[in-house]
Amino acid sequence: MTECVLRADDLGKAYRIHDSAGSRFLSWCGVSTSHSEERWVLRHVSLSVARGEAVGIVGQNGAGKSTLLKLITGTTSPTEGRVVASGRIAAILELGLGFLPELTGRENAKHALRLMGLGAAQTESLMPEVEDFAEIGDYFDRPIRIYSSGMQVRVAFAVVTAFRPEVLIIDEALSVGDAYFQHKSFERIRKFQQEGTSLLIVSHDRTAIQALCNRAVLLEAGRVVRDGDPSEIMDYYNALIAEKEATTVREGRHASGRVQVSSGSGEAQVETIGLFDASGLATEHVNVGDAIELRIDVAVHAPIPRLVLGYMIKDRVGLPVYGTNTH
């Protein structure tokens with residue numbers, strides 16, 4: 001049985017909204033007051049993460065993703081439930097969180113490593129590694145306040161990954177960096193995972209979730225609504241977003257056994273789709289350079305001023321390879 005390194009049991013977080021400063025002050029003194037409202041942002045959330053497993057946390061804005069990560073890292077305390085973790089947890093929750101603008105990148109890096117529990121000698125020994133990975137040149141010895149957002153995330157990621165943690169948490173921060181640094185960071189993340197680090201990744205990027213994660217958890221209104229295969233979870237997540245545009249979400253099972261989620265208003269529906277070779281015969285296997293034809297039968301149930309048909313080809317893990325449309 002795979003060892004569990006992180007477990008959240010029935011987590012919940014509520015905040016009190018007071019209608020006056022006096023009511024807030026009384027609550028700080030432990031005095032109960034009726035002039036406040038309790039608002040739950042997270043409720044009855046349970047999940048476990050095994051050693052070396054990568055779990056994506058997805059959901060719309062306000063779903064409770066960042067609150068969940070703050071509870072896991074101990075940045076804030078749960079109103080109910082508990083978090084059990086074994087080993088060191090490292091996290092990039094917000095860009096530049098904890099950095100002091102007047103201190104240099106080097107000084108902030110030392111300060112952050114000391115707060116993470118490292119001794120003075122160990123912190124000094126890690127400085128060359130942090131400076132080398134961040135690759136910001138002379139700016140490493142200049143104040144953080146003159147850094148771009150990309151430079152801040154370089155230093156933050158270099159600090160958090162200066163040593164291999166048991167659990168690494170990333171909350172959308174890498175989306176700020178340039179393509180080169182994103183690639184470099186993902187390589188370090190994969191190396192850590194191969195050595196046994198567990199990952200928790202919050203992202204709206206379908207490609208990142210499917211490329212890095214074994215599982216994905218979908219949060220909606222502060223609760224877990226789905227937990228499973230990243231491709232299936234991202235399909236359902238996108239369908240939920242489409243549902244806000246007065247479309248209907250439908251779920252079925254494909255002939256391959258995979259869960260298939262579709263959404264739309266129903267004015268036009270794809271009935272059949274297939275690939276055909278140069279002889280007009282249906283095929284599922286295509287070689288490089290082969291001439292093929294994609295045939296799609298669409299049933300139109302209502303007048304559509306301009307019908308646009310699009311398609312996308314994905315690889316075996318569901319990552320986009322090529323797509324186009326008739327627009």
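These legends go with a set of close-up views of one predicted model. Residues count from 1 along each chain as its sequence is written, and side-chain values use heavy atoms, with hydrogens and water left out. Because the model is predicted, local features need pLDDT of at least 70 and side-chain atom pairs count only at pLDDT 80 or more, while totals for chains, interfaces and linings use all residues.

**View 1. The open sheet, strand by strand.** Six strands line up in the order β5-β6-β7-β3-β8-β9, with mixed pairing. Strands here are DSSP E runs of at least two residues, helices are H or I runs of at least four, and both are numbered from the N terminus; two strands pair if DSSP finds at least two bridges between them. The edges belong to β5 and β9 (223-228), each with a single partner strand, so one side of each has no neighbour in the sheet. From one strand to the next, the twist averages 15°. Helix α2 (residues 65-73) packs on the sheet and touches β3, β5, β6, β7 and β8 (215-220), its direction making about 150° with that of β6. Such angles run from 0 to 180 degrees between N-to-C directions, and axes are lines fitted to C-alpha atoms, for helices over the stretch in contact.

**View 2. Strand β7 and its two partners.** How many residues of β7 (residues 198-202) are buried? Five of its five are, where buried means under 20% relative accessible area, exposed is over 50% and partly exposed lies in between (1.4 Å probe, protein chains only). Ser198, Leu200 and Val202 point one way from β7, and Leu199 and Ile201 point the other way. Strand β3 (residues 54-58) runs parallel to β7, joined by four bridges; Ala54 sits opposite Leu199, and Gly56 has Ile201 as its bridge partner. Strand β6 (residues 167-171) is also parallel to β7, through five bridges, with Val167 partnered by Ser198 and Asp171 by Val202.

View 3. Strand β5 (residues 89-92) pairs with β6 in the parallel sense over four bridges, and Ala91 finds its bridge partner in Ile169. Helix α5 lies across β5 and β6, running at about 175° to β5.

**View 4. The two nonpolar cores.** A nonpolar core is a set of buried Ala, Val, Leu, Ile, Met, Phe, Trp, Tyr and Cys residues joined through side-chain atoms within 4.5 Å. The largest one has 44 residues, and Leu113, Val130, Val155 and Leu168 have the most contacts inside it. Helix α5 (residues 149-160) gives the most to this core, with seven residues. Apart from it lies another core of 21 residues, including Val5, Ile169, Leu200 and Leu219.

View 5. In α3 (residues 105-115), Gly105, Asn108, Ala109, Ala112 and Leu113 are buried. Down the axis, these buried residues fall within an arc of 130°, so they line one face of the helix; the arc is that of the directions from the helix axis to the C-beta atoms. Their cover includes α4 (120-134) and α5. Leaving aside neighbours within four places in sequence, Leu113 is in contact (heavy atoms within 4.5 Å) with Leu118, Thr123, Leu126, Met127, Val159, Ala162 and Phe163. Thr123, in α4, counts as buried at 3% relative accessibility. Just after α3, Gly117 takes a positive phi of about 100°.

View 6. Helices α5 and α6 (residues 179-194) pack at an angle of about 10°, with axes 12 Å apart. That makes α5 roughly parallel to α6, the label for angles under 35 degrees; over 145 is roughly antiparallel, 65 to 115 roughly perpendicular and the rest oblique. Val153, Arg154, Phe157 and Ala158 of α5 meet Tyr180, Phe181, Ser185, Arg188 and Ile189 of α6. Helices α4 and α6 pack at about 135° with axes 11 Å apart, and are therefore oblique to each other. Here Glu129, Asp132 and Phe133 of α4 make contact with Phe181, Lys184, Ser185 and Arg188 of α6.
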